[in-house]
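Colleague: Before we go through the assignments, put the model up, please. I will ask what stands behind each term.

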Amino acid sequence: MAQDELVGIEENKVRAWLSDNIDGLQAPVNFSLVSGGRSNLTYGVTDAAGKRYALRRPPTGGVLSTAHDVKREWQFISALKSSAVPVPPPVAYCDDASVTGADFYVMEFVDGRVLADAEEGAQLNLEARRRAAEQTIDVMVALHDIDPAAAGLGELIRNTGFVERQLRRWKRQLEANGVDDPLMNEVHDLLAAHIPAQGNGIVHGDFRPGNISYAPDGTAVAVFDWELATTGDPLADLSWMMASWQEPGEDGTFTTPGPSSVEGYLTRKELIERYASTSGRDVSNLPYWIGFAKWRSACIGVGVRARYAAGVMADDGYAEQISKARASTDALAESARAALREVGI
């Protein structure tokens, strides 16, 4: 995409702000759209010396309450920068919407391979694939071991039930997008009527290999996309990843693409066992959480389609996939219902 076509970046104003707020930045600065994100917009930023950064801002419209919160992202990566959880080093945060229409933040660019799909997953050798799967679980456990208050995230701690909050939030998103689907409503009501006892910790909200950068040997070097992060039951993260983890030769409905459909990655059973043994957490309620994860994914899909249809996301080619995405959303709702039936709900 040509620079003069970039959505969401008022280049002269942003260049001036970056020069004033990032030590060592060498002008001029060039911008490029980083495709792959379906919520907040991400841009590559390269200065005259070749130093690379990433800039994140919300979509240019269609933003629902509490969604697309780049301040939240900034708070989480700032709090975790010295922890056992690898995050992109935070650089600067701008809360002045006059610069480019919304707040935004800048982080260092982290080199690595994001395992967003099977093609990317196949780029690692077999040994690195196994390590990447193990690292994904180990980083998740490290995240869930962190006390959010001790990490400086006290103002973001929520004392109400995670599932209750999430059901309200995503039901409101369906309503805001004009969706009144009987199956989506049925699954929502079943989830609401059978909420299990909940633990508490930091929940990333979209924890999966597609939001992690890996070194060539499979070591996890950075976890991205913290806009949905909150506090709540850590099983929400584990179930979200399990709902996307497709094994080789397996058919089914999964929340997002991932690397695990090629040989060499751990199975879901192996991942769950590693999480349970390493974290010491009870995972017996995981089937409920997987049903919740698939319903939530269907809700997210509705919101993504609505934003692209409204023209408030940059043109990275996804708009052409909307009809396919609609079918996937419907299948996810069916799969969520089936998951709940398996556990007698």
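Modeller: This is a predicted model. Strand S2 (residues 41–46) is joined to S3 by 6 bridges, and the two run antiparallel.

Colleague: What makes S2 and S3 a pair?

Modeller: Pairing takes at least two bridges, and S2 and S3 have 6. Within this pairing, Leu 41 stands opposite Arg 57 in S3. The hairpin of S2 and S3 has 5 residues between the strands, and Gly 50 takes a positive phi near 90° there.

Colleague: How do you know that S3 pairs with strand S5 (residues 104–108)?

Modeller: The cut-off is again at least two bridges; S3 and S5 have 4, in the antiparallel sense. Tyr 53 stands opposite Glu 108 in S5.

Colleague: Why is strand S3 (residues 52–57) called mostly covered?

Modeller: Buried means under 20% relative accessible area, and 5 of the 6 residues of S3 are buried.

Colleague: Now the helices. Why are H4 and H7 called roughly antiparallel?

Modeller: Helix H4 (residues 126–144) and helix H7 (residues 235–242) pack at an angle of about 160°, with their axes 10 Å apart. Angles over 145 degrees count as roughly antiparallel, and H4 and H7 are therefore roughly antiparallel to each other. Their crossing is right-handed.

Colleague: Which residues of H4 and H7 meet?

Modeller: From H4, Thr 136, Ile 137, Met 140, Leu 143 and His 144 meet Asp 237, Leu 238 and Met 241 in H7. The residues of this contact divide into 5 nonpolar, 2 polar and 1 charged.

Conventions. Residues numbered from 1 in each chain as written. Predicted model: local features only at pLDDT ≥ 70, side-chain atom pairs only at ≥ 80, totals over all residues. Heavy atoms only, no water. Axes fitted to C-alpha atoms, helices over the stretch in contact; angles between N-to-C directions. Parallel < 35°, antiparallel > 145°, perpendicular 65-115°, else oblique. Left-handed = near helix turned anticlockwise from the far one by under 90°. Contact = heavy atoms within 4.5 Å. Nonpolar A, V, L, I, M, F, W, Y, C, P; charged D, E, K, R; others polar. Buried < 20%, exposed > 50% of the residue type's maximum accessible area, 1.4 Å probe, protein only.
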